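Hi,

Here is the structure I promised to pass on. Have a look at it first, and my notes follow below.

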Amino acid sequence: MKVDRGWIWRVLLLTSLVATAIRAQDEESDVQISDADELSLNEEELKVLVAEEEEEEEVDVSGKDGGDENVSFQVIYKTPVPTGDVYFVETFDDGSLERWQLSKTVKGDADEEISKYDGKWAVEQLKENRVPGDQGLVLKSRAKHHAIAAMLARPFVFKDEPLVVQYEVNFQDGIDCGGAYIKLLSDTGSLTLEQFQDRTPYTIMFGPDKCGEDYKLHFIFRHQNPLNKDWEEKHAKRPDVDLKKFYTDRKTHLYTLVLNPDNSYEMFIDQSSVGHGSLLHDVVPPVNPLKEIDDPTDSKPQDWDERAKIPDPEAVKPDDWDEDAPAKIEDPDAVKPEGWLDEESDFIPDPNAEKPEDWDEEMDGEWEAPQIPNPACETAPGCGKWKRPMINNLEYKGKWKAPLVDNPNYQGAWKPRKISNPDYFEDLQPFMMTPIKALGLELWSMTSDIYFDNFIITSQKEVADRWASDSWGLKKLVASANEPGIFAQLMTAAEERPWLWIIYLLTVGLPVGLLVLFCWPKKADDGYAYKKTDLPQANVEEEEEEEEEEEGAANKEDKEAEATEATAAAEAAEEDEDIEDDAEDLMDEEEEEEEGEEEKEEEESTAQQPLDHEGEEEEEEEEATQESPKQTTRKRRARKD
């Protein structure tokens, strides 16, 4: 069967769609495994976590036994406990802010009406994908200044141990303009949390921030100039990934900063690296200034020639160079079209216009009717004075200029001379920062309900990872379990982009059309193959009558042969020669009769059979040829007898 190429392409498209759906199903089934890999869990920990999830499904999914009926997927939550040495931890699971201090001061450079740090804070559960028993710190006010801080268990001193800072953020209502970064306040000896404000000295600022369409992940540290003792902020380079999804998906994300004594740093979001570098080379402005700078007192000499090319002083303008030749000239071959109306103008005063009644000629001047296109010019090739069209002047060369040649006095681009930088210093250990004594959040936001949770400051990355698996890991599992199915996601996408309905209809209609085309039963059409080539066939009754006549003739011949043989035997003794002659004559007659009958049968069978069955006729002729020697043998035996 010959298949149209269009259907082949449709089948290939259907196959690709099915493969895509299967791949998406496989990826969805692998979510739990990939989550476990991201949480850095070993095999035993994974088994324990899976066992807990199974227990949750059996006991807590229905919302009984103290579960939250508004949560579609619940887990057994226990407040995480750090597994190593830490400088600060906070889970907010006790529902209180006893260790936290609200700022009671004002912002220094703000208007008096909005200068107070009067933004509200609360300890609440997540709005979506909540884990029963887990609570966090929530920024409740919008368009207000917020400031809150807590002391570390003991100050962190930058010596020979890494610094690991980690916490969770969830923009529950999205984010218009505002930040969710933290400040690690410096141990200055005069730190008072009640006076915490934007100008309070800090050592490190880290976390997400957004203004307009600029999505940032800050890592800023303050460095002191050892010469003049000034403090300067050093900004790490921007991450190499698109951060927008972390601000818009309304999920809880984990932010981690790791600083090492070898001056390297690395930033993580959801335990995936998004940026790394060196404190010496990958911050702006650099920690160490340049050794040499341009001499501010140096100036370019008046005779300094920076021209690489100059006009050729020996070049002379050619005699035939006409600088006054115009760029355009009238076309001398142009001819005025026939029917051109020289006396008519393109526009004429409107004959139907009337002067307004309130027209004051003293104030408004003499009234003139508005201009309208001249009707006479609509059918004519043109009106008014005819002018030849302009064409390019082949003789035009423009103003002559001497060609450029290399400048023999070229001295290169001038640069001021270098001198030693009087402010130069070299700090090879920028990691040795000011010790940290407290953690604070000093924020302004146009969006409320920003969620913070599970702060930890430690010197071991493994401790922070385990802390994340016991806290943020459960939130991620709940969010993954509450993800809408593929069908719900397709419907949501179609609501935002109505043109997707066309793709959905094509995706569903194409396989249905193919099934109907190839699998629908067709009505049989008998005799279709031979409709045009079959010849008229004899009736069945006529064939049966002809067969009976042939059988009767054959029996008659047999009887006559037997009678002839008996008579020949009886008279054999008397007339042997006559008998042989008679027998020979009789056999000849029989042969002629049999040959006539065979020719008659062949003609009848040839007339009854179709033209396209010539092969069968040849087989019958071969059979007839094979039977004739037998009959000849029988005749010879009869003669001998």
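Which residue in the hairpin of β13 and β14 takes a positive phi? That is Asp270, with phi near 55 degrees, in a hairpin that has two residues between the strands.

Before the rest, some housekeeping. This is a predicted model, with local features needing pLDDT of at least 70 and side-chain atom pairs counted only at pLDDT 80 or more, while totals for chains, interfaces and linings use all residues. Residues are numbered from 1 along each chain as its sequence is written, and side-chain values use heavy atoms, with hydrogens and water left out.

β13 covers 264–269 and β14 covers 272–278; strands here are DSSP runs of E, at least two residues, numbered from the N terminus. The two pair in the antiparallel sense over six bridges (strands pair if DSSP finds at least two bridges between them). Phe268 stands opposite Ser273 in β14. Lys461 also lies over the face of Phe268, at 4.7 Å from the ring centre. The cut-offs for a charge over a ring are NZ of Lys or CZ of Arg within 6 Å of the ring centre and within 35 degrees of the ring normal. Arg222 does likewise with Tyr202, its charged end sitting 5.6 Å from the centre of the ring.

A search of the whole structure gives two of 30 Å³ or more. Tyr265, Met267, Gly275 and His276 are among the lining residues. The largest cavity has about 40 Å³ of space and is lined by Lys127, Glu128, Asn170, Gln172 and Arg250.

Last, the aromatics. There are 15 aromatic pairs, meaning rings of Phe, Tyr and Trp (its six-membered ring) with centres within 6.5 Å; planes under 30 degrees apart are stacked, over 60 edge-to-face and the rest tilted. One is Phe156 with Phe158, edge-to-face at 5.0 Å centre to centre and 85 degrees between the planes. Both Phe156 and Phe158 are buried (under 20% relative accessible area, 1.4 Å probe, protein chains only). Ring pairs also link Phe88, Phe92, Trp100, Tyr167, Phe206, Tyr255 and Phe455 into a cluster.

Cheers

Notes
Buried means under 20% relative accessible area, exposed over 50%, partly exposed in between (1.4 Å probe, protein chains only). On a 1 Å grid over the protein atoms alone, a cavity is a set of points where a 1.4 Å probe fits but cannot get out, and a pocket is an open set with protein on both sides within 12 Å along at least five of seven lines; lining residues have an atom within 4 Å of a point. Grid points are joined across faces, edges and corners, and a volume is the space filled by probe spheres set on the points. Helices (H or I, at least four residues) and strands (E, at least two) are DSSP runs, numbered from the N terminus.
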